[in-house]
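This report describes parts of one structure in plain terms. Please look at the sequence and the model below before reading on.

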Number of protein chains: 2
Amino acid sequence: MTTPTSRNEKSKPFNSVAVPSGRNHKSRPVDWNALLAGINGGKTIIEYGASRTIFSQGQPADAVFYLRHGKVKLAVTSEQGKEAIVALLNAGEFFGEGCLAGQPLRMATASAMTDCTLARIEKTRMASMLHEQHEISELFVTHLLSRNIQFEGDLVDQLFNSSEKRLARILLQLSHFGKESRAETVLPRVSQENLAQMVGTTRSRVSHFMNKFKKHGFVDYTGNGGLTVNSGLLSVVLHD
Amino acid sequence: MTTPTSRNEKSKPFNSVAVPSGRNHKSRPVDWNALLAGINGGKTIIEYGASRTIFSQGQPADAVFYLRHGKVKLAVTSEQGKEAIVALLNAGEFFGEGCLAGQPLRMATASAMTDCTLARIEKTRMASMLHEQHEISELFVTHLLSRNIQFEGDLVDQLFNSSEKRLARILLQLSHFGKESRAETVLPRVSQENLAQMVGTTRSRVSHFMNKFKKHGFVDYTGNGGLTVNSGLLSVVLHD
DNA sequence: TCAAAAGTGTGCAATATTGAACAGACACGC
DNA sequence: GCGTGTCTGTTCAATATTGCACACTTTTGA
């Protein structure tokens, strides 16, 4: 799978989604995918192969995406050509929602890190859905809240910590990233270059710290190319 | 006004808000304050004098706030005692919304920068309002979206730019901050220490760059203690 | 009004960070 | 097998940044 394939579902008439009646809106498990599946107008299901670009910084922004399966990364390129990774997204997250706030152009480049299936929802469709459907609106608010918390944490991290601690923090995050399946402490393959882009430093610095971490036993190389993150890495973040 | 005063409005029965009917939900001007004023249950109106603390990092988080008048800042303190300012809020913004995502404790300290009046909305009340009232929900989504964009911008700024550029950016932001009234290019009084906390650097560095900016005519001291930001400061952010 | 507190302009040595370079390790396709 | 490209470990000088120090100025509050 390397080219995006799309099944346009615009032809089907819209009919309102059957959702569990909202008598107790907290601690009620909701099958969000089923919920989203019920949205039939102004939506397109698309599949992307690994490392495909979903949209690029600077392109006109007229749709919101919902990630059903796979992992997506958001990267920003500066005028000087430097690249920074601002977010890693798991299944169940929205992205490209800036256009709802009136952003005319994409502020970042979204690319598939693995094979992905995602729903593309027209901006106008999304806006009216938010207006008309409680469940969607609540799902979206939930997503925005947690994204906000993530961003705030990243910002505070940048403001406070040295690149060594930031790298440690990123590694810990990655080791928990996508823990849907098993308790995997093994990272997906991430190059030092990518780590540097997330941490906001240079590759040579990442190489330097990774070796330091290895010496102290905080990370291990697992045969092939993957890394294992030892929870002792926490001490780097917390101590001193 | 130096002590918070509160008028509890919990006694009034809840009745649904009279809002303009939502036939065209974009480009429809809404008097948000009037809208919020209609929320009568589980809400308290509080007034704070300048430099009062609204809530502190680490306290239990069980309410969301809506800022009606005044300016509020959100600051985070690290274990090492360093302080960072993560957001400046204007009238019309929510804060403390992390609790809706399940955060049990405040992650930041909120303090009034000017005399403020704000609405304190119980977490549970806010949750049900988001569930039941379109207008509130949409207002909240709008707020979350713009806050997200702001955070993402700040993060990218930290990842890409030197402290000199970051300072220039903050000054430009501040000069537009609170432009509700006049086209004021004059900053409210902000100490170099505070600037350093926003930029993520030290005061001596801020002093150094401020003098550099003054030499180049990018900022001016207006008699008393205020600063005027010249738009030429943009060249610092953009150039080189 | 005066003294304390807060804010500012400097300077400087100790560190941290960049940016570029180069060689070796490794995977991959042909 | 053999190039080719990517990733890595390592170095090193040039910069940027920190953390302090001290003398001044301004603001604040009693």
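Which residue takes a positive phi in the hairpin of strand 5 of chain B and strand 6 of chain B? The residue is B:Gly81, with a phi near 90°, and the hairpin has five residues between the strands.

This is a predicted model, in which local features need pLDDT of at least 70 and side-chain atom pairs count only at pLDDT 80 or more, while totals for chains, interfaces and linings use all residues. Residues are numbered from 1 along each chain as its sequence is written, and chains are lettered from A and ligands numbered from 1 in the order in which they are written.

**Strands of chain B**

Helices (H or I, at least four residues) and strands (E, at least two) are DSSP runs, numbered from the N terminus. Two strands pair if DSSP finds at least two bridges between them.

| Strand 6 of chain B (residues 83-89) | six | B:Leu88 |

**Two helices of chain B**

The axes (lines fitted to C-alpha atoms over the stretch in contact) of helix 4 of chain B and helix 5 of chain B come within 9 Å and cross at roughly 110°. Angles run from 0 to 180 degrees between N-to-C directions. The two helices are therefore roughly perpendicular to each other (65 to 115 degrees). From helix 4 of chain B, B:Ser163, B:Arg166, B:Leu167 and B:Ile170 meet B:Leu195, B:Met198 and B:Val199 in helix 5 of chain B. By class, this contact has five nonpolar, one polar and one charged residues. Here Ala, Val, Leu, Ile, Met, Phe, Trp, Tyr, Cys and Pro count as nonpolar, Asp, Glu, Lys and Arg as charged, and the others, Gly among them, as polar.

**Chain A and chain B**

Contact means C-beta atoms, placed from the backbone, within 7 Å. In these terms, 38 residues of chain A are in contact with 38 residues of chain B. Helix 3 of chain A gives the most to the side of chain A that touches chain B, with 20 residues. That side has 18 nonpolar, 13 polar and seven charged residues.

**DNA strand D**

A residue is near a strand if its C-beta atom, placed from the backbone, lies within 6 Å of it. DNA strand D is surrounded by 17 residues, and the closest are A:Gln192, A:Ser204, A:Ser207, B:Thr201 and B:Ser204. Helix 6 of chain A supplies the largest share of this surface, five residues. By class, the surface has one nonpolar, 13 polar and three charged residues.

Note on methods:
Contact = placed C-beta atoms within 7 Å. Parallel < 35°, antiparallel > 145°, perpendicular 65-115°, else oblique.
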